[in-house]
Amino acid sequence: MLAWTSEAVKSVHMSRMEAKPRKKSFTPRDGKKPSFKGKPPFKPHNTGKSKSCKKSGGDGGPQKFNRKAADGKFTKKRKHPGSKKDEGSEGKKPKWDEFKQKKKELKQNRQQNEKNESYQIVSRAKQVWEIVRRKDCDKQKRTRLMKELQRLVKGNIKTIAFAHDSTRVLQCFIQFGSDEQRQEVFDELKEHLVELSKSKYARNIVKKFLMYGSKQQVGAVMSAFKGNVRQMLRHSEASSVVEYAYNNKAVLSQRLMLTEELYGNTFQVCKSSVCPTLNKVLKANPEKFESIMDEIKQILTPMAQKICINATRFAMGEFAHLVLLAAFDCIDDTKLVKQIIISEMVRSLSEIISNKYGKKVLLYLLSPRNPAHLLAEIIQVLEKGDGNAHSKKDVAIRRTELLEAVSPPLLKYLCKNAQSMVMDKACSVAVRDLLGTAIGDLRPAMEAVAAQAAEPLIPGGEDGELHMAEHPAGHLVLKWLIEQDAKMKEAEREERFSRILLEKVGLENLKTWASVNRGAIVLCCLLQSADESVAEEVEVMLKSIFPELQKIQNSKGVEVLLEKLA
């Protein structure tokens, strides 16, 4: 049944197709040809089989790759004309020297095309700068070259100032130029001083004006900073310019101008000619104390958070180092202090130890509030922070934790730099405090110091270098460390410097120390050593040369030594 139905449907469909009449062509009733506006309703089919189909782009249109040609074969892929693979040989490897030279020439050509005349000017200016900055350049030659440099940079000063490869030309021009030449540069840049200060390279131009500029130019630089101090202090490049201006060039009125921006809007409203400073404003308006302090805190907090990352420079600041001392006194999170401040300082120990203020920061960690290192006025200011509501940790515990953090790197540094430290008057104090308070094994550092005195003493020195026992700073280090053995004994520490010194130097070499005044003073200290065995050995040795000691004249140290031996 299903098959019959299928055949029936098929036959009916075929009969309909055969009976379907052919469509007649359209002819209008009036016999006229039809006219169409715009496009015709259809296009006639192309019945010509011999004609090939072309794209609308014409013969120049895009062609497909690997199309079959008329002969049925695929067309080959086009090759680069420079390729040598079709010849059966591989291309040679490029010569890197030639490649670099061509690259350099291309760069120079590009710079010439971009800058045209300015490239030639900057190029010649750098050549002149290379000659002018040398120490062997005489005055007449320098004057002549400076005039040429003046002609070169005129009208291009701003462009040269911000370029990393030419900014030094202007720095040299400011340093060695005349007042008139310096003023010409300043006139072109005076409207861009803040922008220059924020540039990594151009900021040094502003510093040069502060160093070598006239009083009026320095004042103009300070005035340009007014209203921009807060944003400049938070800028990584500009902050160093403000710091240099404040610490090295600003007079009192200029310092007040720079700092008053940090006091907030309430201070600005209350400030007057009668009350121009913060202290006077607070005294005249005690009810504004809280609001002014809150504004100062809001301004300084983000600055302090950023400054704590550049801690080395902070530690060496005349006033900034005091902030670190206060931080050591009040911050309970000593791990954070170690991570942010101490770890940064440790990486630059050579700079900090040799710096006047950086050394005080290290000494404060070793012996806090020691009057031998700090003025009484500064200690009084630091004491005002004691008992604040935010510090909960016991003072002794906080100091011990900080000492534990700083001791190992300092002891390691002393072991490697014992000679330079013990022979330097400024660093010698740090050696005493370090070996007297540091936590850890002190013996390696003590041995490194004692080794500097192990050679036989030659009065007056050898090759211009004095023996440690005769050196102005060196003999004091020996004296202090021997005397410090008494404190080490009280603290129940095992190390004794006098014993280590005796082992390193030996009794025979110690005899030569009596021939000079400072050496005799050190021997007096050894006679009073806290290590009784050392004192006895030294006494026996000195008595063996007692007649020779009596012959030495004009030596206070020997006189004291003879009195102790008598």
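Guide: Begin with the term itself: a cavity is a set of grid points where a 1.4 Å probe fits but cannot get out, and its volume is the space filled by probe spheres set on those points. The model here is predicted. Rolling a probe the size of a water molecule over the atoms shows where empty space is left. In this structure the second largest cavity comes to about 60 Å³.

Visitor: How many cavities of 30 Å³ or more does the search find?

Guide: The search covers the whole structure and finds two. The largest cavity holds about 70 Å³ of space.

Visitor: Which residues line the largest cavity?

Guide: The lining consists of I353, L362, L366, L410, Y413, L414, M421, A430 and L434. Two or more of the lining residues come from each of α21 (356–366), α23 (395–416) and α25 (425–437). The largest share, three residues, belongs to α23. By class, nine lining residues are nonpolar, with no polar and no charged ones.

Visitor: What is the general idea behind a salt bridge?

Guide: Side chains of opposite charge can pair when their charged atoms come close. The cut-off used is 4 Å from a side-chain nitrogen of Lys or Arg to a carboxyl oxygen of Asp or Glu. This structure holds 19 salt bridges.

Visitor: In the pair D179 and R182, how far apart are the closest N and O atoms?

Guide: They are 3.1 Å apart. Both residues lie in helix α7 (residues 179–189), three residues apart, about one turn of the helix.

Visitor: Is D179 buried or exposed?

Guide: D179 counts as exposed because its relative accessibility is 62%, and the exposed class starts over 50%. R182, at 7%, counts as buried, since buried means under 20%.

Visitor: Which parts of the chain does the R499 and D531 pair link?

Guide: R499 and D531 meet through their side chains at 3.9 Å, N to O. The pair links distant parts of the chain, with R499 in helix α29 (residues 497–505) and D531 in the loop between α31 (517–527) and α32 (532–544), 32 residues apart. D531 counts as buried, at 15% relative accessibility.

Methods:
Residues numbered from 1 in each chain as written. Predicted model: local features only at pLDDT ≥ 70, side-chain atom pairs only at ≥ 80, totals over all residues. Heavy atoms only, no water. 1 Å grid on protein atoms, 1.4 Å probe; cavity = no way out; pocket = protein on both sides within 12 Å on 5 of 7 lines; lining within 4 Å. Helix = DSSP H or I, 4+ residues; strand = E, 2+ residues; numbered from the N terminus. Nonpolar A, V, L, I, M, F, W, Y, C, P; charged D, E, K, R; others polar. Buried < 20%, exposed > 50% of the residue type's maximum accessible area, 1.4 Å probe, protein only.
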